[in-house]
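Biologist: Please show me how to read the features of a structure, one at a time. Give me the general idea, then the case at hand.

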Amino acid sequence: MSAQDVHCPVCGQVFAAGEPRYRRPDGEVHARCFKGPRVLVVADDALLRDLVARAVRHQRYCQVDTVSDGHAGLERVRTHVYDLILSDLRMPEMDGPTFYRRMQVEHPDLVARIVFMTSHVDHYAQFIRDVGARVLRKPFAKEDLDAILTHVMGPTRASREGK
(Lines give C-alpha, C1' and ligand atoms only; values in the text may rest on other atoms or scores of the structure.)
Protein backbone atom coordinates (compact mmCIF):
# COMPACT_ATOMS: atom_id res chain seq x y z
CA MET A 1 0.00 0.00 0.00
CA SER A 2 1.45 3.38 -0.99
CA ALA A 3 1.04 6.84 0.51
CA GLN A 4 -1.11 7.65 -2.54
CA ASP A 5 -3.82 5.12 -1.59
CA VAL A 6 -7.17 6.78 -0.96
CA HIS A 7 -9.60 5.17 1.47
CA CYS A 8 -13.39 5.23 1.38
CA PRO A 9 -14.59 7.11 4.52
CA VAL A 10 -17.53 4.70 4.86
CA CYS A 11 -15.88 1.26 4.70
CA GLY A 12 -12.22 2.23 5.08
CA GLN A 13 -11.11 0.17 2.07
CA VAL A 14 -8.78 1.49 -0.62
CA PHE A 15 -10.26 2.43 -4.00
CA ALA A 16 -9.27 0.16 -6.86
CA ALA A 17 -8.24 1.77 -10.14
CA GLY A 18 -11.34 2.73 -12.15
CA GLU A 19 -13.73 1.71 -9.38
CA PRO A 20 -17.08 3.60 -9.44
CA ARG A 21 -17.23 6.36 -6.82
CA TYR A 22 -19.75 8.85 -5.49
CA ARG A 23 -18.54 12.32 -4.49
CA ARG A 24 -19.73 13.54 -1.07
CA PRO A 25 -18.79 16.61 0.98
CA ASP A 26 -16.28 14.52 2.96
CA GLY A 27 -14.67 13.02 -0.13
CA GLU A 28 -15.43 10.19 -2.48
CA VAL A 29 -17.02 6.92 -1.35
CA HIS A 30 -17.39 3.60 -3.11
CA ALA A 31 -20.57 3.52 -5.19
CA ARG A 32 -21.49 0.33 -3.29
CA CYS A 33 -21.21 2.21 0.04
CA PHE A 34 -23.42 5.14 -1.01
CA LYS A 35 -26.91 4.88 0.48
CA GLY A 36 -28.30 8.10 -1.00
CA PRO A 37 -27.93 11.76 -0.08
CA ARG A 38 -28.05 12.46 3.64
CA VAL A 39 -30.23 15.28 5.00
CA LEU A 40 -30.43 16.68 8.53
CA VAL A 41 -33.64 18.39 9.70
CA VAL A 42 -33.16 20.64 12.75
CA ALA A 43 -36.47 21.89 14.18
CA ASP A 44 -38.10 22.02 17.60
CA ASP A 45 -41.58 21.43 16.13
CA ALA A 46 -42.00 17.65 15.93
CA LEU A 47 -44.77 17.89 13.32
CA LEU A 48 -42.63 20.06 11.02
CA ARG A 49 -39.62 17.74 11.48
CA ASP A 50 -41.68 14.67 10.61
CA LEU A 51 -43.44 16.25 7.62
CA VAL A 52 -40.20 17.57 6.12
CA ALA A 53 -38.39 14.28 6.76
CA ARG A 54 -41.20 12.28 5.15
CA ALA A 55 -41.32 14.59 2.10
CA VAL A 56 -37.54 14.46 1.60
CA ARG A 57 -37.42 10.67 1.95
CA HIS A 58 -40.31 10.24 -0.47
CA GLN A 59 -39.14 12.72 -3.12
CA ARG A 60 -35.42 11.99 -3.03
CA TYR A 61 -34.87 8.57 -1.48
CA CYS A 62 -32.56 10.28 1.01
CA GLN A 63 -31.33 9.22 4.40
CA VAL A 64 -32.88 11.73 6.77
CA ASP A 65 -31.91 12.41 10.38
CA THR A 66 -33.96 14.70 12.59
CA VAL A 67 -33.07 16.58 15.77
CA SER A 68 -34.96 19.07 17.93
CA ASP A 69 -32.38 21.82 18.43
CA GLY A 70 -29.08 23.33 17.31
CA HIS A 71 -27.04 21.55 20.01
CA ALA A 72 -28.22 18.16 18.78
CA GLY A 73 -27.64 19.33 15.20
CA LEU A 74 -24.01 20.12 15.96
CA GLU A 75 -23.56 16.71 17.57
CA ARG A 76 -24.93 15.00 14.45
CA VAL A 77 -22.69 17.01 12.14
CA ARG A 78 -19.68 15.92 14.19
CA THR A 79 -20.42 12.26 13.43
CA HIS A 80 -22.15 12.34 10.01
CA VAL A 81 -21.67 14.12 6.70
CA TYR A 82 -24.76 15.83 5.29
CA ASP A 83 -25.55 16.88 1.75
CA LEU A 84 -28.21 19.29 3.05
CA ILE A 85 -29.16 20.73 6.45
CA LEU A 86 -32.70 22.13 6.82
CA SER A 87 -32.86 24.19 10.01
CA ASP A 88 -35.58 26.18 11.67
CA LEU A 89 -34.49 29.69 12.62
CA ARG A 90 -36.59 30.13 15.74
CA MET A 91 -35.85 27.43 18.32
CA PRO A 92 -35.32 27.36 22.08
CA GLU A 93 -31.91 26.41 23.48
CA MET A 94 -29.91 27.22 20.33
CA ASP A 95 -31.63 29.18 17.57
CA GLY A 96 -30.80 29.06 13.87
CA PRO A 97 -28.40 32.05 13.80
CA THR A 98 -26.39 30.62 16.72
CA PHE A 99 -26.36 27.20 15.06
CA TYR A 100 -25.13 28.84 11.84
CA ARG A 101 -22.35 30.76 13.61
CA ARG A 102 -21.17 27.60 15.38
CA MET A 103 -21.22 25.76 12.05
CA GLN A 104 -19.09 28.56 10.52
CA VAL A 105 -16.45 27.92 13.18
CA GLU A 106 -16.65 24.13 13.53
CA HIS A 107 -17.72 23.02 10.02
CA PRO A 108 -17.18 25.91 7.59
CA ASP A 109 -17.26 23.55 4.60
CA LEU A 110 -20.91 22.63 5.37
CA VAL A 111 -22.33 26.15 5.91
CA ALA A 112 -23.31 26.50 2.25
CA ARG A 113 -25.49 23.40 2.67
CA ILE A 114 -27.75 25.02 5.30
CA VAL A 115 -31.25 26.15 4.31
CA PHE A 116 -33.38 27.84 6.94
CA MET A 117 -37.11 27.36 7.48
CA THR A 118 -39.07 30.17 9.14
CA SER A 119 -42.33 32.07 9.27
CA HIS A 120 -40.45 34.98 10.87
CA VAL A 121 -38.54 36.25 7.84
CA ASP A 122 -38.90 39.90 8.88
CA HIS A 123 -37.51 39.19 12.35
CA TYR A 124 -34.44 37.45 10.88
CA ALA A 125 -34.09 39.62 7.74
CA GLN A 126 -30.77 41.20 8.78
CA PHE A 127 -29.20 37.83 9.63
CA ILE A 128 -30.49 36.31 6.37
CA ARG A 129 -29.00 39.20 4.35
CA ASP A 130 -25.71 39.19 6.28
CA VAL A 131 -24.99 35.52 5.67
CA GLY A 132 -26.77 35.15 2.31
CA ALA A 133 -28.81 32.25 3.67
CA ARG A 134 -31.38 30.41 1.61
CA VAL A 135 -34.80 30.39 3.25
CA LEU A 136 -37.98 28.38 2.97
CA ARG A 137 -40.87 30.55 4.20
CA LYS A 138 -43.24 28.57 6.43
CA PRO A 139 -45.73 27.37 5.61
CA PHE A 140 -44.06 26.27 2.41
CA ALA A 141 -45.48 24.24 -0.43
CA LYS A 142 -44.04 20.87 -1.37
CA GLU A 143 -42.89 22.50 -4.63
CA ASP A 144 -40.80 25.04 -2.68
CA LEU A 145 -39.07 22.25 -0.77
CA ASP A 146 -38.54 20.38 -4.02
CA ALA A 147 -36.94 23.47 -5.60
CA ILE A 148 -34.40 23.62 -2.75
CA LEU A 149 -33.71 19.89 -3.03
CA THR A 150 -33.25 20.23 -6.80
CA HIS A 151 -30.84 23.12 -6.34
CA VAL A 152 -28.72 21.19 -3.84
CA MET A 153 -29.05 17.59 -5.08
CA GLY A 154 -30.26 17.78 -8.68
CA PRO A 155 -33.57 16.63 -10.14
CA THR A 156 -35.67 13.82 -8.73
CA ARG A 157 -35.31 10.36 -10.15
CA ALA A 158 -38.71 10.69 -11.86
CA SER A 159 -37.85 14.01 -13.55
CA ARG A 160 -34.45 12.67 -14.69
CA GLU A 161 -36.23 9.75 -16.30
CA GLY A 162 -38.82 12.04 -17.92
CA LYS A 163 -41.78 10.75 -15.91
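Modeller: Start with burial: a residue is buried under 20% relative accessible area, exposed over 50% and partly exposed in between, using a 1.4 Å probe and protein chains only. This is a predicted model, so local features need pLDDT of at least 70 and side-chain atom pairs count only at pLDDT 80 or more, while totals for chains, interfaces and linings use all residues. Residues are numbered from 1 along each chain as its sequence is written, and side-chain values use heavy atoms, with hydrogens and water left out.

Biologist: Is Ser87 buried or exposed?

Modeller: Ser87 has a relative accessible area of 0%, so it is buried. Ser87 lies in strand β5, residues 84-88. Helices (H or I, at least four residues) and strands (E, at least two) are DSSP runs, numbered from the N terminus.

Biologist: Which residues does Ser87 touch, not counting residues up to four places away in sequence?

Modeller: A contact means heavy atoms within 4.5 Å. With residues up to four places away in sequence not counted, Ser87 touches Val42, Gly96, Phe99, Val115, Phe116 and Met117.

Biologist: Phe116 is on that list. What is the relative accessible area of Phe116?

Modeller: The value for Phe116 is 0%, so Phe116 is buried. Phe116 also takes part in ring pairs.

Biologist: Please explain how a ring pair is read.

Modeller: A pair of aromatic rings is described by the distance of the centres and the angle of the planes. Rings of Phe, Tyr and Trp (its six-membered ring) pair if their centres lie within 6.5 Å; planes under 30 degrees apart count as stacked, over 60 as edge-to-face and the rest as tilted. By this rule there are 3 aromatic pairs. In one of them, Tyr100 and Phe116 have ring centres 6.0 Å apart and planes at 50 degrees, so the pair is tilted. Tyr100 is in helix α3 (residues 96-106) and Phe116 in strand β6 (residues 114-118), 16 residues apart, and the pair links distant parts of the chain. Tyr100 and Phe116 are both buried.

Biologist: What are the distance and the angle for the rings of Phe116 and Phe127?

Modeller: Their centres are 5.6 Å apart and their planes stand at 75 degrees, so the pair is edge-to-face. This pair too links distant parts of the chain, with Phe116 in strand β6 and Phe127 in helix α4 (residues 125-131), 11 residues apart. Phe127 has a relative accessible area of 10%, so Phe127 is buried.

Biologist: Now helix packing. At what angle do helix α2 and α3 pack?

Modeller: Axes are lines fitted to C-alpha atoms, for helices over the stretch in contact, and angles run from 0 to 180 degrees between N-to-C directions. Helix α2 (residues 70-79) packs on α3 at about 25 degrees, with the axes 10 Å apart. Angles under 35 degrees count as roughly parallel, over 145 as roughly antiparallel, 65 to 115 as roughly perpendicular and the rest as oblique. α2 and α3 are therefore roughly parallel to each other.

Biologist: Which residues of α2 and α3 meet?

Modeller: Gly70, Gly73, Leu74, Val77 and Arg78 of α2 meet Phe99, Arg102, Met103 and Glu106 of α3. Sorted by class, this contact of α2 with α3 has 4 nonpolar, 2 polar and 3 charged residues. (Ala, Val, Leu, Ile, Met, Phe, Trp, Tyr, Cys and Pro count as nonpolar, Asp, Glu, Lys and Arg as charged, and the others, Gly among them, as polar.)

Biologist: At what angle do the axes of helix α1 and helix α5 cross?

Modeller: The axes of helix α1 (residues 46-60) and helix α5 (residues 142-153) cross at roughly 60 degrees and come within 11 Å. That makes α1 oblique to α5. Ala55, Val56, Gln59 and Arg60 of α1 make the contact with Lys142, Leu145, Asp146, Leu149 and Thr150 of α5.

Biologist: Last, please cover the backbone.

Modeller: Most residues other than glycine have a negative phi, and most peptide bonds are trans. Glu93 is not a glycine, yet has a positive phi of about 70 degrees. Glu93 lies in the loop between β5 and α3, and at 69% relative accessibility it counts as exposed.

Biologist: Which peptide bond is cis?

Modeller: The bond from Lys138 to Pro139 is cis, with omega near -10 degrees. Pro139 lies in the loop between β7 (134-137) and α5.
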